[in-house]
Amino acid sequence: MRTHPDYPNLFILDHPLIQHKLSHMRDKSRSTMGFRQLLREIALLMGYEITRDLKLTTERIETPLTVMDAPVIEGKKLAIVPILRAGLVMAEGLLELVPAAREGHIGLYRDHETKRPVEYLVKLPDPAGRIFILVDPMLATGYSAVHAVDVLNRHGVLDAQIRFMALVSAPEGVKVFHDAHPSVPVFTAALDSHLNENAYIVPGLGDAGDRLFGTK
Ligand code: URA
């Protein structure tokens, strides 16, 4: 995991397995099945890095031989919150890693006139004392990511409880996000070059939702 001099709170997960799998995803000839499977695998690997600093406490257990104070994760179960719809498959990967996590959902669509995100579905677990991992494969303009954190804030989740996880990020989106929520860390597998005129990330991987679900 490395940081970036221009973007405080951006963490680039440069593990070779993550980078290798991401390159396969970028390839436009990758099948829907392969694309989906790779995203699940990468999300699991990213989750492993993102949860590295979770606090531990101990719980008294009995092994077959003796009693011991064994390390267990402190506090409430994690909450995984995909931004619909492309975040769903990333959430599946994270849930393989942390099967007891709670799962919330934030559904956003883009208003044609304002070009800004509007929420159509919000379902969240009880926020008190819980860490929230918000997931969306593409941090492009940053507007959806900012809006999703605003939604979490409105439902009682503090910025200090939130970690944002994106597969691929654009510098424009990272800046917008950090201007709005400077203390929320962003974990990403790649910081790409720029956004094109249609707000697609370049080199990117195309429309993540369409490639995941086989739609147009
Ligand atoms: N959303 C996507 O799916 N792809 C991009 O490149 C940008 C936003």
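A: Start with how helices are named. Helices are DSSP runs of at least four residues, numbered from the N terminus. Keep in mind that this is a predicted model.

Q: Where does Tyr 143 lie?
A: Tyr 143 lies in helix H4.

Q: How far apart are the end C-alpha atoms of H4, and what should the twelve residues span?
A: The expected span is 1.5 Å times one less than the number of residues. For the twelve residues of H4 that gives 16 Å, and the end C-alpha atoms are 16 Å apart, so the two agree.

Q: Which residues of H4 are buried?
A: First the general idea. An α-helix has 3.6 residues a turn, so residues three or four places apart point the same way. In H4 the buried residues are Ser 144, Ala 145, Val 146, Ala 148, Val 149, Val 151 and Leu 152. Just after H4 comes Gly 156, with a positive phi of about 95°.

Q: Why does Tyr 143 count as partly exposed?
A: Count C-beta atoms within 10 Å: 20 or more means buried, 12 or fewer means exposed, and anything in between is partly exposed. Tyr 143 has 18 such neighbours, so it counts as partly exposed. Leaving out residues up to four places away in sequence, Tyr 143 touches Arg 116, Pro 117 and Val 176.

Q: Is Thr 141 buried or exposed?
A: Thr 141 is buried, because 20 other C-beta atoms lie within 10 Å. Its place is the loop between strand E10 (138-139) and helix H4 (143-154). Beyond residues up to four places away in sequence, Thr 141 touches Glu 172, Gly 173, Val 176, Leu 195 and Ala 199.

Q: Where is Tyr 109, and why does it count as exposed?
A: Tyr 109 sits in strand E7 (residues 105-110). It has 12 C-beta neighbours inside 10 Å, so it counts as exposed. Now look along the chain. Glu 119 is ten residues from Tyr 109, yet their C-alpha atoms are separated by 6.4 Å. Setting aside neighbours within four places in sequence, Tyr 109 is in contact with Val 118 and Tyr 120.

Q: What does the UniProt annotation "binding site" cover?
A: Treat a record as a label to compare with the model. The unreviewed UniProt entry gives a "binding site" that includes Thr 141, Tyr 143 and Asp 207.

Q: Which residues are around the ligand?
A: They are Met 138, Ala 140, Tyr 200, Ile 201, Gly 204, Asp 207, Ala 208 and Gly 209. This shell divides into five nonpolar, two polar and one charged.

Definitions and conventions: Residues are numbered from 1 along each chain as its sequence is written. This is a predicted model: local features need pLDDT of at least 70, side-chain atom pairs count only at pLDDT 80 or more; totals for chains, interfaces and linings use all residues. A residue is near a molecule or strand if its C-beta atom, placed from the backbone, lies within 6 Å of it. Ala, Val, Leu, Ile, Met, Phe, Trp, Tyr, Cys and Pro count as nonpolar, Asp, Glu, Lys and Arg as charged, and the others, Gly among them, as polar. UniProt positions are given in the numbering used here, feature names are shortened, and annotations may be inferred rather than shown by experiment. Helices (H or I, at least four residues) and strands (E, at least two) are DSSP runs, numbered from the N terminus. Two residues are in contact if their C-beta atoms, placed from the backbone, lie within 7 Å.
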